[in-house]
Amino acid sequence: MTDVSSRPLRADAARNHRAIVAAAREAFEEVGPDVPLEEVARRAGVGPSTLYRRFGGRDELVNAVFSEYFVETVEPLFSRVGAEPDPGRAVAVLVEGIARAFVHQRGILRAAKDAGAFTPELVLRFVGPMHDLVERAKEQGAVRSDLEARDLPAVAHMLASIAAPFGSEVEPRTWDRYLAFLVDGLTAGAERTALPPLPPPPRAEVAERLGCSDRSRT
């Protein structure tokens with residue numbers, strides 16, 4: 001993600017920046033990723049010209065919102081996962097954290113996808129720690145041997161879709177029940193049905209750097 005400017009902001013400009021980003025984050029969730037930028041400016045209490053002068057357009061604003069979201073939500077999640085001594089438990093914490101992001105930050109994630117914010121570098125920041133965690137968990141026999149890092153977001157999406165369908169509120173007992181089902185399916189121990197292989201990752205260079213390309217499986 002590219003910062004709008006590397007120069008320090010004046011106090012009023014910094015205040016406007018924070019207000020616009022906060023308003024955009026709220027609007028993406030309440031209205032959707034296609035919310036008019038004029039509506040974002042109205043919510044922020046600034047004129048449209050101020051918004052465009054600061055961010056230039058929708059993609060730059062989305063990148064700023066997603067960067068803030070990543071720092072506030074995603075990085076702390078991976079910190080909690082990294083501090084968990086039990087790798088099996090760490091996998092469960094990560095799956096639940098990703099699922100909650102799918103539920104509560106749908107608008108931001110859709111806007112980020114539409115704006116091309118999921119760059120190869122950002123994908124590595126997500127997938128790299130997941131890959132390391134899954135490999136550590138497999139080495140210790142905590143998860144099934146055919147689990148891959150790329151399975152975790154898909155499993156988390158299943159949980160989000162079941163526990164909070166169509167934007168409804170999460171019912172804690174439902175959430176905990178289906179989280180237990182899904183996490184049990186990831187763990188080692190009982191006899192498991194072999195998983196079909198995943199298709200190649202969409203970005204070969206990411207797969208190569210993670211050591212999970214097709215060549216590494218042969």
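At roughly what angle do the axes of H1 and helix H3 cross? Good morning, and thank you for coming. The structure under discussion is a predicted model, and I shall answer that question first. The axes of H1 and H3, the latter spanning residues 48-55, cross at roughly 100° and come within 11 Å. Angles of 65 to 115 degrees count as roughly perpendicular, and H1 is therefore roughly perpendicular to H3.

Which residues make this contact? On the side of H1 they are Asn16, His17, Ile20 and Val21, and on the side of H3 they are Thr50, Leu51, Arg54 and Phe55. Sorted by class, the contact of H1 with H3 contains four nonpolar residues, three polar residues and one charged residue.

Please look at Phe55, which belongs to helix H3. Its relative accessibility is 0%, so Phe55 counts as buried. Its C-alpha atom is 9.4 Å from that of Ile20, although Phe55 and Ile20 are 35 residues apart in sequence. As I mentioned, Ile20 is one of the H1 residues that make the contact with H3.

The protein chain has eleven helices and zero strands. Along the sequence, the pattern accordingly reads α-α-α-α-α-α-α-α-α-α-α. The chain holds 218 residues, and 43% of them are buried. Of the contacts with a separation of 6 or more, 68% are between residues 24 or more positions apart.

We return to H1, which covers residues 11-30 and includes Arg25. Is Arg25 buried or exposed? The cut-off for buried is under 20% relative accessible area. Arg25 has 16% relative accessibility and so counts as buried. The side chain of Arg25 forms a polar contact, at 2.9 Å, with the side chain of Glu72. Apart from neighbours within four places in sequence, Arg25 is in contact with Val65, Glu68, Tyr69, Glu72, Thr73, Gln105 and Ile108.

Helix H4 runs over residues 58-83 and helix H5 over residues 87-104. Their axes come within 9 Å and cross at roughly 160°. Since angles over 145 degrees count as roughly antiparallel, H4 and H5 are roughly antiparallel to each other. The crossing of these two helices is right-handed.

Which residues of H4 and H5 meet? H4 contributes Tyr69, Leu77, Phe78 and Val81, while H5 contributes Ala90, Val93, Leu94, Gly97, Ile98 and Ala101. By class, this contact of H4 with H5 has nine nonpolar residues, one polar residue and no charged residues.

Where is Ala142 placed? Ala142 sits in the loop between helix H7, residues 120-139, and helix H8, residues 151-163. With a relative accessible area of 19%, Ala142 is buried, given that the cut-off is under 20%. Not counting residues up to four places away in sequence, Ala142 touches Pro87, Gly88, Ala137, Thr187 and Ala188. The C-alpha atoms of Ala142 and Val91 are separated by 9.2 Å, and these two residues are 51 residues apart along the chain.

H1 and H3 are roughly perpendicular, whereas H4 and H5 are roughly antiparallel. Thank you for your attention.

Note on methods. Residues numbered from 1 in each chain as written. Predicted model: local features only at pLDDT ≥ 70, side-chain atom pairs only at ≥ 80, totals over all residues. Heavy atoms only, no water. Axes fitted to C-alpha atoms, helices over the stretch in contact; angles between N-to-C directions. Helix = DSSP H or I, 4+ residues; strand = E, 2+ residues; numbered from the N terminus. Parallel < 35°, antiparallel > 145°, perpendicular 65-115°, else oblique. Left-handed = near helix turned anticlockwise from the far one by under 90°. Contact = heavy atoms within 4.5 Å. Nonpolar A, V, L, I, M, F, W, Y, C, P; charged D, E, K, R; others polar. Buried < 20%, exposed > 50% of the residue type's maximum accessible area, 1.4 Å probe, protein only. Polar contact = N/O pair within 3.5 Å; in protein donor to acceptor, adjacent residues only side chain to side chain.
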